[in-house]
Amino acid sequence: MTTTADALQEGAFQPVKSAGRTLDVLEALADGTGPRSLVELTRALGIPKSSLHGILRTMMKRGWVEADATGTRFGLGVRALQVGAAYLETDTVTGLLSGVLDQLAGEFGETVHLGRLDGPHVVYLAKRESVHPLRLYSAIGRHLPAHATALGKVLLAERADEAVDRLLHWPLAALTSRTITDPDTLHAELATVRSRGYAVDREENTDGIVCFAMAVPLQSPATDAISLSIPASRLAATSEDQVVVALKAAVAQVRAARPLLPTL
């Protein structure tokens, strides 16, 4: 018997064009660049202006898209927020790791993240703010290139190099002068991550910020990881060894609780 899930995964499946265009609009408006005009969206998405206008009007009527006071620039509507919030509220891993994130934030007073691999990117699912004025800027839902973050690198290291090469978008983007963009260098870095069990982003994502991350052992290969980000100027007071010990303890807690959880 063929289930709905099986049917959706069959190679003969042909995407519905109108649905695909609607999702393209949502993803474009969620990319963090702010409201976009009809012309900008048409150029970015390759959707004819007449078709795009109808899509936007429909999405506005349903609350997925909002227009500014001039009616010429469009952004996400409140319905997108409701769906995003519902995703986080019902996500098993986010709820499970809430206490672990609190512990790390309380111990170090630095920014803590839970991230998930999403194609060639890592997306922040949860965070705990640093108590210091000088901190890493981040936001739940933000996507960053996986190769340029500790969260992303530790999750990429869960996969073979061939799978990593298929997953990433080449050539790799450089976020700072320290970002790894060379394939051989990245493969060597991931080999190091695999051998020591954690990843370090040494100002590869943001100048002045060092980040440490470990994968969460709930699936194989892991799709989620936790990290702790520290300004390089404060790292001397908080040694790398202390951070790694704390991350290992946090991951051990999750591993111990895994048999008690429903299948993820």
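Author: Let us begin with pairing; please note that the model is predicted. Strand E8 (residues 209-215) and E9 run antiparallel and are joined by 7 bridges. Within this pair, Ala213 has Ser227 of E9 as its bridge partner.

Reader: Which strand do 6 bridges join to E9?

Author: That strand is E4 (residues 111-118), and E4 and E9 run antiparallel. Opposite Ser227 in E9 stands His113, while Arg116 stands opposite Asp224.

Reader: How should I judge whether strand E9 is enclosed or open?

Author: One counts its buried residues, where buried means under 20% relative accessible area. In strand E9 (residues 224-231), 8 of the 8 residues are buried, so the strand is largely enclosed by the rest of the structure.

Reader: Is Asp224 buried or exposed?

Author: Asp224 has a relative accessibility of 3% and therefore counts as buried. Its side chain and that of Thr223 are joined by a polar contact of 3.4 Å. With neighbours within four places in sequence left aside, the residues in contact with Asp224 include Leu114, Gly115 and Arg116, as well as Leu125, Leu155 and Ala215.

Reader: What may I learn about E4 and its pairing with E5?

Author: E4 is mostly covered, with 7 of its 8 residues buried. E4 also pairs with E5 in the antiparallel sense, over 7 bridges. Val112, for example, has Arg128 in E5 as its bridge partner. The hairpin of these two strands has 2 residues between them, and Gly119 there takes a positive phi near 65°.

Reader: Which residues touch the most other members of the largest nonpolar core?

Author: The general idea is that nonpolar side chains tend to be buried together in soluble globular proteins. Here the largest nonpolar core has 30 residues, and Leu104, Leu114, Phe212 and Ile226 touch the most other members. At least two residues of this core come from each of helix H7 (98-108), E4, strand E5 (121-128), E8, E9 and helix H11 (240-257). H11 gives the most, with 7 residues. Apart from this core lies another, of 26 residues, including Leu144 and Ile209.

Reader: What does Phe212 touch?

Author: Residues up to four places away in sequence are not counted. Among the residues that Phe212 touches are Ile226, Ser227, Leu228 and Ile230, together with Val243 and Leu247.

Reader: How many cavities of 30 Å³ or more are there, and which residues lie nearest the centre of the largest cavity?

Author: The count comes to 1 cavity of 30 Å³ or more. The volume of the largest cavity is about 90 Å³. It is lined by 13 residues, with Tyr124, Asp201, Asn205, Cys211 and Ser229 nearest its centre. Helix H8 (150-156), E8 and E9 each give two or more residues to this lining.

Reader: What is the volume of the largest pocket?

Author: The largest pocket has a volume of about 1,300 Å³. Of its 31 lining residues, Ala30, Val123, Gly141, Arg142 and His143 are the closest to the centre. H5 provides the largest share of the lining, 7 residues.

Methods
Residues are numbered from 1 along each chain as its sequence is written. This is a predicted model: local features need pLDDT of at least 70, side-chain atom pairs count only at pLDDT 80 or more; totals for chains, interfaces and linings use all residues. Side-chain values use heavy atoms; hydrogens and water are left out. Buried means under 20% relative accessible area, exposed over 50%, partly exposed in between (1.4 Å probe, protein chains only). Helices (H or I, at least four residues) and strands (E, at least two) are DSSP runs, numbered from the N terminus. Two strands pair if DSSP finds at least two bridges between them. A nonpolar core is a set of buried Ala, Val, Leu, Ile, Met, Phe, Trp, Tyr and Cys residues joined through side-chain atoms within 4.5 Å. Contact means heavy atoms within 4.5 Å. A polar contact is a pair of N or O atoms within 3.5 Å; within protein, one must be able to donate a hydrogen and the other to accept it, and residues adjacent in sequence count only if both atoms are side-chain atoms. On a 1 Å grid over the protein atoms alone, a cavity is a set of points where a 1.4 Å probe fits but cannot get out, and a pocket is an open set with protein on both sides within 12 Å along at least five of seven lines; lining residues have an atom within 4 Å of a point. Grid points are joined across faces, edges and corners, and a volume is the space filled by probe spheres set on the points.
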